[in-house]
Amino acid sequence: MATAVQENLPPSLDSKADQPPLFDGTTRLYTCYTCPFAQRVWITRNYKGLQDKIKLVPLNLQDRPAWYKEKVYPGNKVPALEHNGKIIGESLDLIKYVDSNFEGTSLLPNDPAKKEFAEELFTYTDTFTRDVFTSFKGDPIKEAGPAFDYLEKALHKFDDGPFFLGQFGLVDIAYIPFVERFQIFLSEAFKYDITAGRPKLAAWIEELNKIDGYKQTKTDPKELVEFYKSRFLAQK
């Protein structure tokens, strides 16, 4: 696992940037360094040691190139993966795709009970993010609490490791970009500590922060707080 590779990250492409060649045999991950959905695929790539196999093409989403929607991905969102002559989107689909189509440690368990629970947790990701984002407009301690309680309870299910399915895998990757942001913002804007009274969640975050493939993808806390404040609190 080539997780300790410290990459020199390419600069983000804006509306003036030229399009990289399409379908020239290079596998490209169209991403954005600050997008939590794209971060899921970036972590998967790093953890599996695919830095040389999957090239990052970061986009500036505030000033994105027109060629991206016109020629690469009509959905005009990140992440998208260019691989074997096709473009694939949707972050949860992509982390599974990267896991099963490239070499490296498998990030989904073989155990049927764990597989079933993995799907349950993947399904819950949208509810989790929606409930917490919605709480920013109201009382996060009351409204976001149940979402974090759900994670705490889920982390109790398997006791063969600190992660959702015991060992680190795609379910952890699906949640951490959002938990990372929510922890920073709720602490800063509402003085709400999401780990208080949730020891498993606290241990989970602590263990994830030891993983190089994740650490290299973390967002800048100051920029995040400013962005979320302008997006969620400006109307208050």
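A polar contact is a pair of N or O atoms within 3.5 Å; within protein, one atom must be able to donate a hydrogen and the other to accept it, and residues adjacent in sequence count only if both atoms are side-chain atoms. The structure described here is a predicted model, in which local features need pLDDT of at least 70 and side-chain atom pairs count only at pLDDT 80 or more, while totals for chains, interfaces and linings use all residues. Residues are numbered from 1 along each chain as its sequence is written, and side-chain values use heavy atoms, with hydrogens and water left out.

Asp99 is placed in helix α3 (residues 91–101); helices (H or I, at least four residues) are DSSP runs numbered from the N terminus. With a relative accessible area of 9%, Asp99 is buried, where buried means under 20% relative accessible area, exposed over 50% and partly exposed in between (1.4 Å probe, protein chains only). The side chains of Asp99 and Lys48 are joined by a polar contact of 2.9 Å. A polar atom of the Asp99 side chain also lies 2.9 Å from the backbone nitrogen of Leu107. Apart from neighbours within four places in sequence, Asp99 is in contact (heavy atoms within 4.5 Å) with Lys48, Thr105, Ser106, Leu107, Leu108 and Leu170.

Helix α10 comprises 13 residues (221–233), which at 1.5 Å a residue should span 18 Å; the end C-alpha atoms are 17 Å apart, in agreement with this. The expected span is 1.5 Å times one less than the number of residues. At the start of α10, a side-chain oxygen of Asp220 comes to within 2.8 Å of the backbone nitrogen of Lys222. Leu224, Val225, Tyr228 and Phe232 are the buried residues of α10. Seen down the helix axis, these residues fall within an arc of 95 degrees and therefore line one face of α10; the arc is that of the directions from the axis to the C-beta atoms. An α-helix has 3.6 residues a turn, so residues three or four places apart point the same way. The buried residues of α10 pack against α4 (112–135) and α7 (170–190), whereas Lys222, Glu223 and Glu226 are exposed on the other side of α10.

Zero disulfides (pairs of cysteine sulfur atoms within 2.5 Å) are present in the structure. Cys32 is in no disulfide, and the nearest cysteine sulfur, that of Cys35, is 5.9 Å away. Cys35 is likewise in no disulfide. Cys32 counts as buried at 7% relative accessibility, and Cys35 is buried with a relative accessible area of 10%.

Terms used: Helices (H or I, at least four residues) and strands (E, at least two) are DSSP runs, numbered from the N terminus.
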